[in-house]
Amino acid sequence: MRTKIRLDNGSTASIWTEDLAVYLSGSMELSTDGGVGWRDTVSEQLIAMGIKSNNIFNPCKKPLPHDHPCHDQDDRKSLSMFKREGRWTELERYIDFVAKYDLALVNRSDFLLVNLGTLDIGFTGEFAKEI
C-alpha cells in the first residue's frame, strides 16, 4: 500500500508502508493510563495507513516470555512496590530485562514515533533508552 505523507517543507511524498516497522516510544511511568491510550489510537491510524499490525512495536503490549511481567497496570503496581519496599535488586533485574527487550524492538524498527507529552519532565524511561 502506498500512502501520501506531508513533508516539513509542505510538499507531499508517496511511500510504501506495508513493510515498515515502527516503535511507539513515550512515557509510561508519568501517564495515568500507562501510555496505553495514545498508543492504541496511533496504532489504529498506522494500520489504516497500511502498516501491518505485527510491525507496530507497542511496549504496552509486547509479548514477553510467560515467566516475565510486561508493562501493564499490575506490573506498574509491582514496580511501585519494589521501589517503596527498597527491593532494588528485583527492580534492577526487571528494568534491565525490559530495556534490552525494548532496544531489540527499536533496532528492528524503520522509524520511531515518539510522544514527548510535556517537555518539562526531562529524559527518563522510554525516552532515555532510545536517545
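Guide: Begin with burial. This is a predicted model. Of the 131 residues in the protein chain, 34% count as buried. The accessible surface of the protein chain is about 8400 Å². Carbon and sulfur atoms hold 56% of that surface.

Visitor: Which elements make up the protein chain, and in what pattern along the sequence?

Guide: Count first, then read the order. The protein chain has 4 helices and 5 strands. Along the sequence, they follow β-β-β-α-β-α-α-β-α.

Visitor: What share of the contacts with a separation of 6 or more joins residues 24 or more positions apart?

Guide: That share is 62% in the protein chain. A contact here means heavy atoms within 4.5 Å.

Visitor: Now the sheet. What is the order of the strands in the open sheet?

Guide: Find which strand pairs with which, then write them side by side. The open sheet has 3 strands, in the order S4-S3-S5, and the pairing is parallel. Its edge strands are S4 (56-57) and S5 (111-115), each of which pairs on one side only.

Visitor: How many bridges join S3 to S5?

Guide: Strand S3 (residues 22-26) is joined to S5 by 5 bridges. S3 and S4 are joined by 2 bridges. Both pairs run parallel.

Visitor: Is S3 largely enclosed or open to the outside?

Guide: Check each residue against the cut-off: buried means under 20% relative accessible area. In S3, 5 of the 5 residues are buried, so the strand is largely enclosed by the rest of the structure. Then check the faces. Val-22, Leu-24 and Gly-26 are buried on one side of S3. Tyr-23 and Ser-25 are buried on the other.

Visitor: Which helices lie across S3, S4 and S5?

Guide: Two to look at here are H1 and H3.

Visitor: Which residues make the nonpolar surface patch?

Guide: Leu-112, Val-114 and Leu-116 make a patch of about 200 Å². Val-114 belongs to strand S5. Its relative accessible area is 37%, so Val-114 is partly exposed.

Visitor: Next, charges. How many salt bridges does the count come to?

Guide: The count comes to 5 salt bridges. The cut-off is a side-chain nitrogen of Lys or Arg within 4 Å of a carboxyl oxygen of Asp or Glu. One of them joins Asp-40 and Lys-61, at 2.8 Å from N to O. This pair links distant parts of the chain, 21 residues apart. Asp-40 sits in helix H1, and Lys-61 sits in the loop between S4 and helix H2 (73-84).

Visitor: How far apart are Asp-96 and Lys-100 in helix H3?

Guide: Asp-96 and Lys-100 are 4 residues apart in helix H3, so about one helical turn separates them. Their side chains meet in a salt bridge, 3.2 Å from N to O. Asp-96 is partly exposed, with a relative accessible area of 40%. Lys-100 is exposed at 56%.

Visitor: Let us end on a loop. Where is Ser-11 found?

Guide: Ser-11 is in the loop between strand S1 (2-6) and strand S2 (12-16). Ser-11 is partly exposed, with a relative accessible area of 31%. Leaving out residues up to four places away in sequence, Ser-11 touches Ile-5 and Arg-6.

How values were computed
Residues numbered from 1 in each chain as written. Predicted model: local features only at pLDDT ≥ 70, side-chain atom pairs only at ≥ 80, totals over all residues. Heavy atoms only, no water. Pairing = 2+ DSSP bridges. Axes fitted to C-alpha atoms, helices over the stretch in contact; angles between N-to-C directions. Patch = residues over 30% accessible without salt bridge, like charges linked within 9 Å, V, L, I, M, F, W, Y side chains within 5 Å. Areas by Shrake-Rupley, 256 points an atom, 1.4 Å probe, with all protein chains shown as cover. Buried < 20%, exposed > 50% of the residue type's maximum accessible area, 1.4 Å probe, protein only.
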